[in-house]
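Me: Hi! Could you walk me through this structure in plain words?

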Amino acid sequence: ITHMLCHGFGLLGMRSIAVLTDMSREPLFRGDRGYTPLDGRTPDKLEKILAKLESMPEWIGVIDGGANRPEMDKMLYETANLTLLPFRDSHEDIRTVRLDLEQYPNAFGVPSQWPTNPWQQMAAEQTLDKLMQDYRPRLLEPVYTVSSSKLLLETQIPSDLPTVLNNVCRGLAKQALNYGQHASLQQSMTQELFNLELSCRTSDFKEGLAAFRDVLRNETDHVV
């Protein structure tokens, strides 16, 4: 969901970068994208990107997880603002994300590639009720399967993308902004209890959501 998030941010008029960390994948070109893909596959490159982001608070950094490297996942979780853990409606995915939600208590789950068929949706929701009931407050709204999402993974994307893809990406970005705002406010209110510096397994933010900075400052000033 990294590229879907960044595409959504671009549609909302926000600047973002998508950082690749998986050594088995090739970096993508910017081309007509509304965001900038960057190569962070080595520790040195990733460190430089993170350092640069610290001086660019108006940008949102979305890091594509730790590429199945637990130590990197932990580092990203401890240095970023929001952690999103995507999972599909399979029992295997759900077992895995439950362990991750336990390990990263301030992370949020993202039901991804969610079925669009009404009967399949009903079955998926029943699975969540059965296996994820305790984690429901930490789940975003589902990101439904959109076959055209694979266009975002092309080396150079088409200049015009389908409306349905744009709508899904925009909705996901709005959710991330909303949860990022909530997480940042909670951090200021309950710093003594939680360390709400979150990363993203397939989509993590390094600098927190500049568009909401003034809103958060105003809300924090009114916290008793």
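**Helix α5 and its surroundings**

Reply: Happy to! At the start of helix α5, a side-chain oxygen of N117 comes to within 2.9 Å of the backbone nitrogen of W119. That is a polar contact, meaning a pair of N or O atoms within 3.5 Å; within protein, one must be able to donate a hydrogen and the other to accept it, and residues adjacent in sequence count only if both atoms are side-chain atoms. This is a predicted model: local features need pLDDT of at least 70, side-chain atom pairs count only at pLDDT 80 or more, and totals for chains, interfaces and linings use all residues. Residues are numbered from 1 along each chain as its sequence is written, and side-chain values use heavy atoms, with hydrogens and water left out.

Me: Which residues of α5 are buried?

Reply: A124, T127, L128 and L131 are. Buried means under 20% relative accessible area, exposed over 50%, partly exposed in between (1.4 Å probe, protein chains only). Seen down the axis of α5, the buried residues fall within an arc of 100°, so they line one face of the helix; the arc is that of the directions from the helix axis to the C-beta atoms.

Me: And what is exposed on the other side of α5?

Reply: P118, W119 and K130 are exposed there. Helices (H or I, at least four residues) and strands (E, at least two) are DSSP runs, numbered from the N terminus.

Me: OK, new topic. Is strand β3 enclosed or open?

Reply: Strand β3 (residues 59-63) is largely enclosed by the rest of the structure, because five of its five residues are buried. W59, G61 and I63 are on one side, with I60 and V62 on the other.

Me: Which strand is joined to β3 by bridges?

Reply: Strand β1 (residues 15-20) runs parallel to β3, and five bridges join the two. For example, R15 has W59 as its bridge partner in β3. Two strands pair if DSSP finds at least two bridges between them.

Me: What about Q113, what is its phi?

Reply: Q113 has a positive phi of about 50°, although it is not a glycine. Most residues other than glycine have a negative phi. Q113 lies in strand β5 and is exposed, with a relative accessible area of 52%.

Me: Last one! What does M4 touch?

Reply: Not counting residues up to four places away in sequence, M4 touches V143, S149, L152, L165, V168, C169 and L172. Here contact means heavy atoms within 4.5 Å.
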